[in-house]
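Q: I would like to learn how to read a predicted model. Can we take it feature by feature?

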Amino acid sequence: MDVFDAIRTRRSVRKYKDKQIPWDNVVTIMQAGKYAPSAGNLQNWKFIVVKTEGKRASITKACLNQEWMATAPVFIVVVGQPEDAERYYGARGRRLYTIQGIAAAIENMLLTAHSLGLGSCWVGAFDEDELRRILLLPEQADVHAVITLGYADEKPEVPPKYRIEHMMFFEKWWGRVEKPKTFLGWWSVNNVRMVDEGKKMLKKAHKKIKEKVSEKMGKKQ
Ligand SMILES: Cc1cc2nc3c(=O)[nH]c(=O)nc-3n(C[C@H](O)[C@H](O)[C@H](O)COP(=O)(O)O)c2cc1C
């Protein structure tokens, strides 16, 4: 699966099979988190793997009782250490860089899970004090997310996503004017892909028609 396909087809999965996932998959997923960019390469995060049923139940409760979570066999709780970033970059490091680096690590992990054939969901709604208590976190650590992992037992529909034209400007805020070719989006990876696939389909159809015609001609002779 190439990166763009993984990005495009990843979905938030909220129903999992009652089946363990291989430990080396969990490690690969955390490795993917590890390789995310971080300001000054500080890597100021920790991943807490939770597999025990009782603890997953408590975390589920702390995540505003999102009951579907308990069906996932593994949680990875992603914890930030904002003090490290604050030391180097002040308030910006604490508020912005820590959150951005950790978000990149989380997305890496979700994509890697998907590429390994696993389902996942980024859970951000929780009672942080409750999670701190359950996980025995020190004061200087913050919970950023709980990632659920497991084999998907559902195939979620693609949720509505805006067209790229809704979220892009040229050169300035609300800049809408560009050369027509670019404006129509012909440069985009997706469109190039669609054109390539269209070409392949046409080639296939052409081959089939040719075969049918020569079959008919053969019969006539
Ligand atoms: C910061 C953040 C917090 C989220 N929190 C939750 C959550 O608490 N519960 C949940 O079911 N999904 C949560 N999600 C998943 C989103 O609902 C989901 O990504 C969105 O509906 C789009 O669906 P998709 O991931 O399949 O593209 C969260 C996603 C993000 C980025």
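Q: In which hand does helix 2 pass helix 4?
A: The crossing is right-handed. A crossing is right-handed if the near helix is turned clockwise from the far one by less than a right angle, and left-handed if anticlockwise. Helices (H or I, at least four residues) and strands (E, at least two) are DSSP runs, numbered from the N terminus. This is a predicted model: local features need pLDDT of at least 70, side-chain atom pairs count only at pLDDT 80 or more, and totals for chains, interfaces and linings use all residues. Residues are numbered from 1 along each chain as its sequence is written.

Q: At what angle do helix 2 and helix 4 pack?
A: Two packed helices are described by the angle between their axes and the distance between the axes. Here helix 2 (residues 23-34) and helix 4 (residues 82-115) pack at about 145°, with axes 7 Å apart. Axes are lines fitted to C-alpha atoms over the stretch in contact, and angles run from 0 to 180 degrees between N-to-C directions.

Q: Which residues of helix 2 and helix 4 meet?
A: Contact requires C-beta atoms, placed from the backbone, within 7 Å. Thr28, Ile29, Ala32 and Gly33 in helix 2 meet Ala105, Asn108, Met109, Thr112 and Ala113 in helix 4. Five are nonpolar, four polar and none charged. Ala, Val, Leu, Ile, Met, Phe, Trp, Tyr, Cys and Pro count as nonpolar, Asp, Glu, Lys and Arg as charged, and the others, Gly among them, as polar.

Q: How many helices and strands does the chain have?
A: Eight helices and four strands. Their order from the N terminus is α-α-β-α-β-α-β-α-β-α-α-α.

Q: What are the domains of the chain?
A: Bounds come from an automatic or database domain assignment. That assignment gives domain 1 (3-150) and domain 2 (162-221). Their C-alpha centres are 38 Å apart.

Note on methods. Contact = placed C-beta atoms within 7 Å.
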